[in-house]
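Please look through the model shown here before reading the notes that follow, which are grouped by topic.

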Amino acid sequence: MAQIVIKNVRKEFGAFTAVQSSSFTIEDGEFFMLLGPSGCGKTTTLRMIAGLELPTSGEIYINGEEVSQKPASKRDIAFVFQMFALYPHMNVRKNISYPLVSQGMPRDQVRAKVDEVAGILGITRLLDKPVGGLSGGDRQRVALGRAIVRDPACFLMDEPLGALDAEFRERMALELRALHDRIGATTVYVTHDQLEAMQMGDKIVVMNHGVVEQFGKPQQIYDWPATTFVARFIGSPAMNLLDFDGMVGNGTDHVWLADTRVQVPRMISGASGTLTFGVRPEHVRLDDAAGFRGRITATEYLGTTQIVTLDTPLGPVKARCGSQIAVRIGDTTGLGFDPRSITLFADNGHALLSVANQKVLQHG
Amino acid sequence: MAEVRLHDISKSFGAQTALRDVSMTVPDGAFVVLLGPTGAGKTTMLRLVSGLDRASAGEVFIGGQSMAGLTPAQRNVAMVFQQYSLYPHLTVRENMEFPLKSPLLKTPRAEITRKVAEVAEILQISHKLDNKATALSGGEMQRVSIGRALVRDPAVYLMDEPLSSLDAKLRADLRVELKSIQANLGATFLYVTHDQIEAMTMATHVGVLDQGRLVQFGPPREIYERPVSIYAAGRLGQPHINILPAGLFGAAPHGAAHIGLRPEQIEQGAGQDSLVKRVEHLGDQTRLHLSFKNHDLTTVTDAHTSLKSGDIVKIQPLRPFYFDAAGIRIV
């Protein structure tokens, strides 16, 4: 079991800075997601926790011990990669046994341990099969088995589901999370898939260009993004971001969008100039009485809900509404916004503090 | 543009049957999406329409004419594949002009220029026309390969998972774009995917394929709300429909073996106790993984629910589906 503390960690490759002074804490037993687009520094961060890369500066503590300059073999961790690297000439049992045999564990103990792990993963019937003929999912289970069998303090996973197709990924995600809940070991998991991060993670770090954009619980990050990057990256469709010219200050409770007064949470910070009005699609409702108008340009049926795209004076807006509502492309309608859910951003992309988001943003 | 009709099509590869007795009509101007897992026969159907493969039995008609014995070029179809195969030594413009320069078409130079400019505008790649094809991002390359199909005026566009190699954001943008291009052109599209979001959001009609058979054909809403079988019901909807023993919640109609519950068919707060096993906050909604009489089920609840793992929540079916032992829907 392990708590991992990342403190001012920085990594440079020559002139390129992969990770800029990152700090966050992974609590013991957490399922922790490192999320971001490719090149954001998430894998580099994971590799520094593993000891496969050494940070240029900063400290990494595993259970209170500073390990940043120690090699991987001196850290009690197990790594699971996207490409499950199994030994092709060995059967499943030998693949899972390998880490224990190389530690010099007695054979009967190895056997008992492998049987136990195979039971947890539901692959007992495969133990004597060659790995060559296994399905993608079973290969991934074997790779997991090889990681679990060592009882490490912490699992590090780099897009372990990235190579699987959508339907199967969904199932493996549930399985992985259930496995975590049974074993309880700290897990650090890298992904670029925001839905996977929301679905599996206790906490998420969102990274972009080597910078930690936000750190917190999935629902808090979704509701109260710290930056426009997070607002765009989390959620599908993304948060609507409408640029407008305006001014807000302490106590402001409304803004003017295209000459329409729109209520927002009471602000406790100020800015003027180009501001950005952020609202999630499910907090936009089609309301013919509303003053802010848009023309419907597309609808996307999704079963229970539908996504309606509208052209407004401030750019396109997407609304998520019930699929029973009849909408016609080309119609003009008003748009209402749930005033409790609005985030305003300054022109540097950072969220402005309001009574609604201060709790999340000041403690995140 | 034209109607495409498949009449009693079968296709075998050696001992393996890829398609069995498929009859389907793609109406003129329709956007038909073929949906099914790997191996269901989707791509085979597309290849039979294009003329890249020949049916073992049955006939394909395009615009009312039998395609028997006609080559892909003679069929006047345009194809877009998952892997954009652009000519790397040519510019974007030259790639898009290529199909129009076919000796079969004899398109005048001025017409070629006009058409390419128009399509580039629609796909927002006008500023890239003089770039080498290889100097583009993945999304741009796929736009060019779609553009190369759109410059022509074929009887039907055939697309085989054209968006699946793109990242999520670009895929979402191109979904909307493709749909509006198709609607504006009034073009006939036959489109293959295993992505249910693409099927639901773009299609006028979805064809559900199961091991070489067409099991349901209709608008996405009809397949979602009135699936013919457990299999068809399972093709659409996230989270997946729950399939449970028919009598689990009480009396079931005669002949029912399974009850099918989409998340919105599970009413919360009334009925019998279930145990919350896991709560997933996805942002716009929260998924509940429940245990009910030793069966797992998944439903959706309010984004800011206070429910947590270990809580008890009452549930009952709300206008559920019932299926017989063979998986065919009876209610």
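The crossing of helix 2 of chain A and helix 3 of chain A is right-handed, a crossing being right-handed if the near helix is turned clockwise from the far one by less than a right angle, and left-handed if anticlockwise. This is a predicted model, in which local features need pLDDT of at least 70 and side-chain atom pairs count only at pLDDT 80 or more, while totals for chains, interfaces and linings use all residues. Residues are numbered from 1 along each chain as its sequence is written, and chains are lettered from A in the order in which they are written.

**Helix pair in chain A**
- Helix 2 (residues 92-103) of chain A and helix 3 (residues 107-121) of chain A pack at an angle of about 125°, with their axes 10 Å apart.
- That angle makes helix 2 of chain A oblique to helix 3 of chain A, since angles under 35 degrees count as roughly parallel, over 145 as roughly antiparallel, 65 to 115 as roughly perpendicular and the rest as oblique.
- On helix 2 of chain A the contact involves Arg93(A), Ile96(A), Ser97(A), Leu100(A) and Val101(A), and on helix 3 of chain A it involves Val110(A), Lys113(A), Val114(A), Val117(A) and Ala118(A), where contact requires C-beta atoms, placed from the backbone, within 7 Å.

**Contact between the chains**
- In chain A, 21 residues are in contact with 19 residues of chain B.
- The elements of chain A giving two or more residues to this side are helix 6 (194-200), helix 7 (218-223) and strand 16 (293-301).

**Chain B**
- Chain B has 9 helices and 17 strands, counted as DSSP runs (H or I, at least four residues, for helices; E, at least two, for strands).
- The C-alpha trace of chain B spans about 75 × 45 × 35 Å along its principal axes.

Notes:
Axes fitted to C-alpha atoms, helices over the stretch in contact; angles between N-to-C directions. Contact = placed C-beta atoms within 7 Å.
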